Amino acid sequence: MAIAIAATVITVAVLAYSTMARSNTRLRSIGEVELPAGTLSGLYDFNTNKVTTYFAPNYGRAALAEALRDRLYEDVGRANAVYCLVRSDANRLTTSSRPTTNFTISTNYDARRLDTPDAFRSILPTAAANKFTTYSGVPGTNTLRNLSIFILTPSDGPERLGLRSIYELDFVNAVSPAGTYASVRRYERGACTDYYDVFYPSSTLTVAFHPVVAYFERATGSGPSLYRQAAHRPFYFVWWPDPTSPTLEEAVEGLPAVSGSDVRFEYRGMTGRTPFFMVLPAFPSL
């Protein structure tokens, strides 16, 4: 009996050690990723095409993501307007096109007219406005999965809109190794103040991480009827990638069965995919 118990204890210890060893290797997996030329210059103002980062899944990067989400909530708590705009995979902001200061408007301009993401896009400097694509409800294609969140605050004059910060989410198809580099960043006055990134090796799963945002406008709006859900205060659903997930994609058979007439149909693929799901007010001061 003693021998049997000892054998069992040794077996359990070996299995536990093996599991811990595999987890330690997996959670500490770090490597160099080569991205298309100019990508890192636009994201971080780095003059290189290679970045050293952690490979998914990684819990250390999840801690950075939690901190960045807290920073977002702090910014939104001091905002008087929030705008979520989308960009294509190849249409990233650069250090020269990313807004850094308050936005100028005419003194008799009624800022309440900026009641949709596209209305806000129309007042951006041309170099930035041209980077974004109009959408209603959710962005229509998988390529529109790069996101910019503009956080506005009260300004010091009637001819200006105050810019507190900009959050950006970008997915980049890596040159080497095969996979997707994901980066979420916060900018203030043009400088990157906070970020998290992670590399997802290539996967055989097929459902893209899309959409990254859904906009629910006021019932009196002009967008798709399914998304005119807000009585007075429009809001967004926002999804950021989860660094603890081993893959960015999802299996087709994992999609919930939802009718095409249900508003959830267009974002059903995001069900349960990431804990970094936020509900953001579009106009906190209304």
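The conversation below turns to a pocket and to salt bridges.

Author: Please note at the outset that this is a predicted model.

Reader: What is the volume of the largest pocket?

Author: Its volume is about 360 Å³.

Reader: And which residues lie nearest its centre?

Author: They are Asn-80, Ala-81, Ala-111, Arg-112 and Leu-161, out of a lining of 22 residues. That lining divides into 12 nonpolar, 6 polar and 4 charged residues.

Reader: Which strand gives the largest share of the lining?

Author: The largest share, 3 residues, comes from β7. Strands β3, β6 and β7 each supply at least two residues.

Reader: Changing topic: how many salt bridges are there in the whole structure?

Author: The search finds 20. In one of them, Asp-115 pairs with Arg-218, and the closest N and O atoms are 3.8 Å apart.

Reader: Why does that pair tie together separate parts?

Author: Asp-115 sits in the loop between β4 and α4, while Arg-218 sits in the loop between β10 and β11, so the bridge joins parts that are 103 residues apart in sequence.

Reader: What about Glu-250 and Arg-273?

Author: Those two also form a salt bridge, with the closest N and O atoms 3.9 Å apart.

Reader: Is Arg-273 buried or exposed?

Author: Arg-273 is buried, as its relative accessible area is 8% and the cut-off for buried is under 20%. Glu-250, at 25%, counts as partly exposed.

Reader: Which residues are linked in a network of salt bridges?

Author: Arg-87, Arg-92, Arg-98, Glu-168, Asp-170 and Arg-185 are linked in this way.

Note on methods. Residues are numbered from 1 along each chain as its sequence is written. This is a predicted model: local features need pLDDT of at least 70, side-chain atom pairs count only at pLDDT 80 or more; totals for chains, interfaces and linings use all residues. Side-chain values use heavy atoms; hydrogens and water are left out. On a 1 Å grid over the protein atoms alone, a cavity is a set of points where a 1.4 Å probe fits but cannot get out, and a pocket is an open set with protein on both sides within 12 Å along at least five of seven lines; lining residues have an atom within 4 Å of a point. Grid points are joined across faces, edges and corners, and a volume is the space filled by probe spheres set on the points. Helices (H or I, at least four residues) and strands (E, at least two) are DSSP runs, numbered from the N terminus. Ala, Val, Leu, Ile, Met, Phe, Trp, Tyr, Cys and Pro count as nonpolar, Asp, Glu, Lys and Arg as charged, and the others, Gly among them, as polar. A salt bridge is a side-chain nitrogen of Lys or Arg within 4 Å of a carboxyl oxygen of Asp or Glu. Buried means under 20% relative accessible area, exposed over 50%, partly exposed in between (1.4 Å probe, protein chains only).
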